[in-house]
Amino acid sequence: RAAARRAVSAGFDLVYVYATHGYLLAQFLSPDNTRSDEYGGSLENRVRLVRELLEETRDELGDRCALAIRLSCDAGETDGQPDSAEQREVVALLADLPDLWDININDYSYEMGSSRFVKEAAQEDYVSYVKGLTGKPVVGVGRFTSPATMLSQVRSGVLDLVGCARPSIADPFLPNKVKEGREDDIRECIGCNICYAGDSRSNPISCTQNPTMGEEWRRGWHPEKIPRRGSDSSILVIGGGPAGLEAARALGARGYEVALAERRSELGGRVFLEAALPGLAEWARVRDWRVGQIGKMDNVSVFLESEVDREQVREFGADHVAVATGSIWRPDGIGRWNGEEIPGWRDAPILTPDDIMTGAEVVGPVLIFDDDLYYMGGALAEKLALDGLEVVLVTPASLVSPYTHNTAEQPRIQKRLIELGVGIETNWALEAFSGKEAHLACAFTGRERRMEAESVVMVTSRLPEDSLYSELADDSGAVIRIGDCLAPGTIGVSVRSGHRYAREMDEPDVDGVPFLREAPELFG
């Protein structure tokens with residue numbers, strides 16, 4: 001009651017009773033609540049605390065604030081097979097007490113599922129019954145990125161209101177763009193869950209698609225507004241991957257004359273290749289949105305199949321050059337575990353992710369040595385297994401792709417590989433490869449063993465492709481490298497690198513503190 005009164009006093013318009021995601025109220029609702037008093041045991045008793053909170057909060061709010069409840073609509077089953085029998089009774093018992101039903105599902109890893117495993121509107125089968133049990137409006141989420149899908153949820157009677165959290169991180173102006181008929185300008189969420197990884201690791205939030213996310217206050221970066229150009233300079237961007245595309249797009253939006261040179265016949269760089277891996281098709285939106293925006297600009301020229309050298313860059317005569325030539329995966333095994341080259345790699349059939357993604361022939365059985373620990377090792381294992389090859393994934397970690405715990409994917413990745421028959425050898429490191437036999441060592445004891453393999457795929461670390469930059473750097477201070485060419489990282493880091501380059505072109509250097517703090521002065 002006191003909290004509700006404070007909410008009214010503070011001027012809030014909507015107050016929630018939050019009964020989901022494993023918090024206290026969800027624990028009272030659970031069948032595991034075997035209290036012997038009137039707040040446990042039977043369903044009516046387990047619902048009692050939530051009912052009383054709704055009634056007493058309503059009494060305090062009066063007509064000043066709306067009252068919402070957030071509730072899971074299932075008992076915990078996932079991946080398209082909901083069990084909602086008891087939850088239907090809960091909704092029926094509370095039907096018209098709140099002003100708004102905000103519904104989700106019990107398994108947060110499915111609600112927050114990445115696009116690799118959970119597709120748009122995947123919660124429909126879990127939540128569609130709610131509107132039939134209440135006369136109050138219903139809102140729900142489902143990583144909605146398509147206006148057509150959002151509209152279909154309303155027209156079909158699944159939802160009254162569509163919630164867009166991750167899509168609004170990727171594009172805070174999504175509703176306005178729908179309203180204005182600018183659907184092709186929507187910067188659609190790709191479902192990579194890098195935003196959620198920030199929450200998991202207590203890091204500042206970031207977004208692969210939206211490089212301004214988290215920098216609106218600290219650096220003054222607006223997601224839609226960018227300063228006009230500070231000069232009449234021309235800019236040559238070399239490389240059409242995520243960094244190069246974002247740099248060209250943002251520079252073009254500022255009004256600069258930009259030329260983008262890409263050595264391949266397709267734009268996208270690593271995004272073009274990685275989006276072809278199992279489950280990652282939506283990642284192509286990083287390329288597609290930027291290509292679409294660049295296509296609307298008369299001041300940005302794109303040159304495909306244009307691999308340039310030092311003399312051609314000189315001849316082009318741009319005032320500024322951004323080298324965004326990306327990176328390559330190392331074939332020598334150097335990474336987190338091995339600080340030196342793995343013996344035998346030069347004379348053995350060693351492959352890298354780049355080889356696999358560009359169609360190299362692979363002979364099985366295949367050993368994938370995953371020392372990267374993010375998505376690549378598991379995605380390649382899935383691809384090669386689907387291609388019919390015998391695959392073993394070896395990693396010094398205790399789980400497959402452990403970093404993906406932060407993106408709510410890890411259990412599904414490991415489950416998928418097990419179902420595909422991929423051999424999984426955790427806590428082992430690759431020490432050498434003779435061409436027919438891999439030498440492994442236990443990550444804890446150093447105990448050695450051998451494993452037969454016809455091919456080894458090294459998923460360890462990446463090297464910047466910066467030879468052109470090294471040649472050009474002596475010519476002028478107006479040459480800079482961005483993205484993976486500067487420092488290999490995630491796709492989102494590359495996009496941000498390209499955006500920062502474009503934002504800071506002709507802008508004054510910032511001395512001292514590089515960005516604002518949220519609390520610059522606590523005491524006067």
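Trainee: Let us start with a cysteine: is Cys485 buried or exposed?
Mentor: Cys485 is buried, with a relative accessible area of 0%. Buried means under 20% relative accessible area, exposed means over 50%, and partly exposed lies in between (1.4 Å probe, protein chains only). Please note that this is a predicted model, in which local features need pLDDT of at least 70 and side-chain atom pairs count only at pLDDT 80 or more, while totals for chains, interfaces and linings use all residues. Residues are numbered from 1 along each chain as its sequence is written, and side-chain values use heavy atoms, with hydrogens and water left out.

Trainee: How many disulfides are there?
Mentor: Counting pairs of cysteine sulfur atoms within 2.5 Å, the total is zero disulfides.

Trainee: Which residues of S13 point which way?
Mentor: Val391, Leu393 and Thr395 point to one side of S13, Val392 and Val394 point to the other, and all are buried. Five of the five residues of S13 are buried, so the strand is largely enclosed by the rest of the structure.

Trainee: How many bridges join S13 to S12?
Mentor: Strand S12 (residues 366–370) runs parallel to S13 and is joined to it by four bridges, with Val366 opposite Val391. S13 (residues 391–395) also pairs with S14 over four bridges in the parallel sense, and there Thr395 stands opposite Thr426.

Trainee: What covers the buried residues of H17?
Mentor: The cover includes helix H5 (108–111), helix H16 (376–386), S13 and S14. The buried residues of H17 (residues 410–419) are Gln410, Arg412, Ile413, Gln414 and Leu417. Just after H17 comes Gly421, with a positive phi of about 80 degrees.

Trainee: You mentioned H16; how many of its residues are buried?
Mentor: Nine of the 11 residues of H16 are buried, so the helix is largely enclosed by the rest of the structure. Leu386, however, also lies in H16 and is exposed, at a relative accessible area of 53%.

Trainee: What does Leu386 touch?
Mentor: Leaving out residues up to four places away in sequence, Leu386 touches Pro278 and Leu420, where contact means heavy atoms within 4.5 Å. Its C-alpha atom is separated by 9.9 Å from that of Gly421, 35 residues apart along the chain.

Trainee: A new topic: how many salt bridges are there?
Mentor: There are 46 salt bridges, each being a side-chain nitrogen of Lys or Arg within 4 Å of a carboxyl oxygen of Asp or Glu.

Trainee: Which residue forms a salt bridge with Glu111?
Mentor: The partner of Glu111 is Arg70, with the closest N and O atoms 3.3 Å apart. This pair links distant parts of the chain, as Glu111 is in helix H5 and Arg70 in strand S2 (residues 66–72), 41 residues apart. Both Glu111 and Arg70 are buried.

Trainee: Are Asp160 and Lys131 buried or partly exposed?
Mentor: Asp160 is partly exposed at 31% relative accessibility, and Lys131 is partly exposed at 27%. Their side chains meet in a salt bridge of 2.9 Å, N to O.

Trainee: Which residues are linked in a network of salt bridges?
Mentor: Such a network links Arg1, Arg5, Glu56, Asp59 and Glu60.

Trainee: Lastly, which residues form a nonpolar patch on the surface?
Mentor: Leu14, Tyr16, Tyr18 and Tyr23 form it, with about 380 Å² of accessible area together. Patches are made of residues with over 30% relative accessible area and no salt bridge, with like charges joined within 9 Å and nonpolar side chains (Val, Leu, Ile, Met, Phe, Trp, Tyr) within 5 Å. Areas come from the Shrake-Rupley method with a 1.4 Å probe, and for residues only the protein chains shown count as cover. Tyr16 is in strand S1 (residues 14–19) and is partly exposed at 34% relative accessible area.

Conventions. Pairing = 2+ DSSP bridges. Helix = DSSP H or I, 4+ residues; strand = E, 2+ residues; numbered from the N terminus.
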